[in-house]
Amino acid sequence: VQFVESGGGLVQPGGSLRLSCAASGIYFRDFSMSWYRRAPGKQRELVATITVAGNSNYEDSVKGRFTISRDNEKNTLHLQMTRLRFEDTAVYYCRHSTQSGAPLEWGSWGQGTQVTVSS
């Protein structure tokens, strides 16, 4: 199982980024998928989840700003981030998960992609 995140970078407050995650080693369309983030000095937190049926859930602080999507043909997960804030600065990770966003235990975590919001 492998997850490769990309698309992070340095962006000003109010800006946008689109993260991508390429998954391999799993039958992608059979799993809920989630984005997580770890900010400096903080624990990892759930950002968004998309189920097999395409239903999505978001952490309160990103609702209305972030959109999670999936492409089952390409085994790819995306996170469109808009109106970025300083507090969105973190390393972002993707992973297969339960419908409620709990990460599944098997398989290693990817390297993540760094998102830095700074003026």
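**Disulfide**

I started with the cysteines and found that the structure holds one disulfide, meaning a pair of cysteine sulfur atoms within 2.5 Å. The disulfide joins cysteine 21 to cysteine 94, with 1.8 Å from S to S. I also checked the handedness: the link of cysteine 21 and cysteine 94 is right-handed, with 50 degrees about the S-S bond. Cysteine 21 sits in strand E3 (residues 17–24) and cysteine 94 in strand E9 (residues 90–97), so the pair ties together parts that are 73 residues apart in sequence. For the labels, helices (H or I, at least four residues) and strands (E, at least two) are DSSP runs, numbered from the N terminus.

A note on ground rules: this is a predicted model, where local features need pLDDT of at least 70 and side-chain atom pairs count only at pLDDT 80 or more, while totals for chains, interfaces and linings use all residues. Residues are numbered from 1 along each chain as its sequence is written, and side-chain values use heavy atoms, with hydrogens and water left out.

Are cysteine 21 and cysteine 94 buried or exposed? Both are buried. My cut-offs: buried is under 20% relative accessible area, exposed is over 50%, and partly exposed is in between (1.4 Å probe, protein chains only).

**Arginine 95**

I moved on to arginine 95, which is also placed in strand E9. Arginine 95 is buried yet has no salt bridge. A salt bridge here is a side-chain nitrogen of Lys or Arg within 4 Å of a carboxyl oxygen of Asp or Glu. The nearest side chain of opposite charge belongs to glutamate 105, 6.4 Å away; for charge, Lys and Arg count as positive and Asp and Glu as negative, while His and the chain ends are not counted.

What lies 3.1 Å from a polar atom of the arginine 95 side chain? I found the backbone oxygen of serine 108 there. For a polar contact I used a pair of N or O atoms within 3.5 Å; within protein, one must be able to donate a hydrogen and the other to accept it, and residues adjacent in sequence count only if both atoms are side-chain atoms.

Not counting residues up to four places away in sequence, arginine 95 touches a list of residues including Phe3, Tyr36, Trp106 and Trp109. Contact means heavy atoms within 4.5 Å.

Serine 108 is in the loop between E9 and strand E10 (113–117). Serine 108 is partly exposed, at 49% relative accessible area. Leaving aside neighbours within four places in sequence, serine 108 is in contact with Val1, Phe3 and Arg95.

E1 pairs with E3 in the antiparallel sense over five bridges; two strands pair if DSSP finds at least two bridges between them. Serine 6 has serine 20 of E3 as its bridge partner.

**Salt bridges**

How many salt bridges does a search of the whole structure find? I got six.

Arginine 29 and glutamate 73 meet in one, at 3.2 Å from N to O. They link distant parts of the chain, 44 residues apart: arginine 29 is in the loop between E3 and strand E4 (32–38), and glutamate 73 in the loop between strand E7 (66–71) and strand E8 (76–81). Arginine 29 is partly exposed at 30%, whereas glutamate 73 is exposed at 67%.

Arginine 37 and glutamate 59 form another, at 3.9 Å from N to O. Arginine 37 is buried, at 5% relative accessibility, and glutamate 59 is partly exposed, at 24%.

Arginine 65 and aspartate 88 meet at 2.8 Å, N to O, and both are buried. Salt bridges that share partners join Arg37, Glu45, Glu59, Arg65 and Asp88 into one network.

**Positive phi**

Last, backbone angles. Most residues other than glycine have a negative phi. Asparagine 75 has a positive one, near 50 degrees, and lies in the loop between E7 and E8. Arginine 83 has a positive phi near 45 degrees and lies in the loop between E8 and E9. Asparagine 75 is partly exposed at 25%, and so is arginine 83 at 49%.
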